[in-house]
Amino acid sequence: MKIYVPLDSAAVALGADKVAAAITDEAARRGVTVEVVRNGSRGMVWLEPLVEVVSAEGRLGFGPMAVADVAGLFGDLASHPKAVGLVEELPWMKGQTRLTFARVGVIDPLSLDDYRAHGGLVGLERAVKMAAPEIVAEVTESGLRGRGGAGFPTGIKWKTVSEAVADQKYIVCNADEGDSATFADRMLMEGDPFTLIEGMAIAGLATGATKGYVYIRSEYPVAIRVMEAAVRIAREAGVLGPRFDMEIRVGAGAYVCGEETSLLNSLEGKRGVVRAKPPLPALQGFLGRPTVVNNVISLASVPVIMARGAAYYKDFGLGRSRGTIPLQIAGNVRFGGLYEVAFGLTLGQIVNEIGGGTASGRPVKAVQVGGPLGAWFPVSLFDTPFGYEEFGAKDGLIGHAGLTVADDTIDMLQMARFAMEFCAIESCGKCTPCRIGSIRGVETLDRLARGDTSAIPLITDLCNTMKLGSLCALGGFTPYPVMSALTHFPDDFVRAKEAAE
Ligand code: SF4
């Protein structure tokens, strides 16, 4: 009997470790031989812990499992109260286009054999036979853009590093996933770490970099443990070695270290403050050497591009947003989790059809897209297709593709204040519009909350200053949630005045 129980942090938070232990104990008590495999999550968080039992028909799912449900796994499975049927046949799974996350939840994350058996290392084996410019051209042709939020074409960044002349170059993976409602990086590292390792090794071949680092936030202990083990296994198997080797580095909790130059400072052992650009990290990055800094999902998307070809990947998507995007649906939503799909679904389809609307059952009021610095979208903009340019045209951004759903009880003035306060707390202090502006922003929004609507032009002016004058995205993007709240939900600001009076 083979049973999968996720090791994924969300599943563990919901009791997966206890369920796994209970399965082992129950099997021993009954004298049944059971192989318990700790897999990644399928992304259906409302079913976690989702236990899968291998049967002749496929993997049967049971969730959300509690210790009390474990004994039933050794009886008639069809009548188990937590049975959800064949996992691959569930609508959530069937509706997706899983390219980057194809193996997450399917394989044993730390079995290189399992990884190979599910198509792993095919991309790297192809890349080894190619010249560096050919690999760069393939990635460029795929249309892959930085999935961390900036959306910069990955191939162009690689080309810059590839053509730079230096005695040493680096690949740095940004796994400092600090945005609210984002968990794709964590799920990928916990559920399929070899995909990231393979993507980084391909990036090394493409650019001439022989050394890589994954900078993981300290709040991700499972991802750190899995990645460190996977690197050891890959090294012992010869996947990593003199041609390209890598290390895991752990951050110390600063949100701004998700910004690439701040991350590089932190990686060098310095305080995590933003560096002015130029010079670009692609030319003078880690230790002053040419460095590719890519997000986890960008690098993890490369193996499938190299294995199946740029044209295959590029065939998915919309406009200049090619390929697939792992949507992370969270907040007040019925079906939260990770859903990988080609760009182009409308926001309304994502929230209502995939997410099932709010968990509270109340009407959706707004959705914040792109983390704490993303704009709030009202229902009237639910026809916006999910794509970089499409969201930009509506004064928003897709960022790391995290969505926070809110019902009609949310107070948008308080959300605007939260954004400013977040910026004030997390600001690295290097530039004035962000360091001082965010504090003045909190004060100005508090004036609004007290009913002083004469502060509206002031907050608008302040947001413009921060947007245009900040050195990095933290100060530059904080105006998005503030101004979108003010623009789309002006009544919330007026109501605050009435309440105050
Ligand atoms: Fe630092 Fe904020 Fe300026 Fe970015 S915008 S460099 S976080 S002070």
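The model is predicted, so to speak of local features takes a pLDDT of at least 70 and side-chain atom pairs count only at pLDDT 80 or more, while totals for chains, interfaces and linings use all residues. Residues are numbered from 1 along each chain as its sequence is written, and side-chain values use heavy atoms, without hydrogens and water.

Let's start with the open sheet of four strands, ordered β8-β7-β6-β9 with parallel pairing. Strands here are DSSP runs of E, at least two residues, and helices are runs of H or I, at least four, numbered from the N terminus; a pair needs at least two DSSP bridges. At the edges, pairing on one side only, sit β8 (245–250) and β9 (291–295). Look at β6 (residues 170–175): five bridges tie it to β9, and Ile171 has Val292 as its bridge partner there. Helix α8 (residues 184–191) packs on this sheet, touching β6, β7 (211–216) and β9, and its direction makes about 115° with that of β6. Contact means heavy atoms within 4.5 Å; axes are lines fitted to C-alpha atoms, for helices over the stretch in contact, with angles from 0 to 180 degrees between N-to-C directions.

The other sheet is open too, with five strands in the order β13-β12-β16-β14-β15 and mixed pairing. Its edges are β13 (337–342) and β15 (376–378).

Finally, the ligand: 13 residues surround it, the closest being Cys428, Lys430, Cys431, Cys434 and Cys472, where a surrounding residue has a heavy atom within 4 Å.
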